[in-house]
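Let's take a walk through a protein chain together. Have the sequence and the 3D view ready, and follow along strand by strand.

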Amino acid sequence: PRLLRGSWRTTVEKLRASHVGREGTLYAIEEVLVLARTAMRELARRLVDRGVLETTDDIRYLYFSEVTDALRDGVSRGEVVEHRRRQRGTAEAVWWDRGESTSDADAITGVPGSPGQVVGTARIIRTPADFGRLQPGDILVCPFTDPTWTPLFDVASAVVANIGGPLSHAAIVAREYGIPAVLGTGDATSRIKDGEKIIVDGRKGSVVVVR
C-alpha cells in the first residue's frame, strides 16, 4: 500500500546497512585470525626448535598462557600434549552429543565392553599386516583381537569389533587401557568405511557414523 511504501524503503535501507556492517565485521575478524594463526605457527616452530614440543601441531593442545610459559622456561610439554590428545576424542563426543546426535535407529549396536564415549577416525584393521596403518587417536575397527593385537590398544582411542563379549580379549584389554569398546557388532568392518568419523559409546554398546 502507498501509505507504507516510505516505511518499507526505510526498512530495506536499514537491512542493507546492517548486512554490509555484518560482512565488514566478519572480514575484520578473519583478518585478525589470519595474523593470529601466522604468529602461532611461528611460536610453534620456535618451541619445536627448543625441544618443548615434538611437532608444530602439538601447540593446538596448549592454552595460550601455557605457550607463553613454555617460551620462558623451555620445559618439555610432551606429557601434557599426549594426555590432551588422548582426551580429545572424549571432548569431541561431548560436543557431538549436545542434543543433536544421530538417532539410535542409525547406530550399529553391539555389546558394551568398556565404558566411555569417543569421537574419532575409524581405521579398519583386519590382519596384523595392517597394524602400521593405525595412528594415535584412531578408533580400531576389527573382526576380533587376540594377544598379538594388544600393542594397538596403546594407540587407539576406542575399539569396535565384529566378535566378542564382556570377557573377550578386546573388552578386558580395553578396560585395562581405559578406552571405550563395543564388541559383537557382527559386521562393523563392512558397515563402517575406513577414515569415517564415528562416535563410539562403550556404555550403550553403540557406534554411530557422523554424517
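Here is a short tour of some strands and their partners.

This is a predicted model, in which local features need pLDDT of at least 70, side-chain atom pairs count only at pLDDT 80 or more, and totals for chains, interfaces and linings use all residues. Residues are numbered from 1 along each chain as its sequence is written, and side-chain values use heavy atoms, with hydrogens and water left out.

How confident is the predictor? Its confidence in each residue is called pLDDT and goes from 0 to 100. The chain has a mean of 89, and 91% of its residues reach 70 or more. Among the elements (helices are DSSP runs of H or I with at least four residues, strands are runs of E with at least two, numbered from the N terminus), helix 3, residues 78–96, has the lowest mean at 77, while strand 4, residues 139–142, has the highest at 97.

Let's stay with strand 4. In a regular strand, side chains alternate between the two faces of the sheet. Here I139 and V141 on one side and L140 and C142 on the other are all buried, meaning under 20% relative accessible area with a 1.4 Å probe, protein chains only. Strands pair if DSSP finds at least two bridges between them. Strand 4 pairs in the parallel sense with strand 3 over three bridges, and with strand 5 over four. I124 stands opposite V141, and C142 faces A161 in strand 5.

Now look at strand 8, residues 206–209, where both faces are covered too. Strand 7 joins strand 8 in the antiparallel sense over four bridges, with I198 opposite V209.

Note on methods
Buried < 20%, exposed > 50% of the residue type's maximum accessible area, 1.4 Å probe, protein only. pLDDT = per-residue confidence, 0-100.
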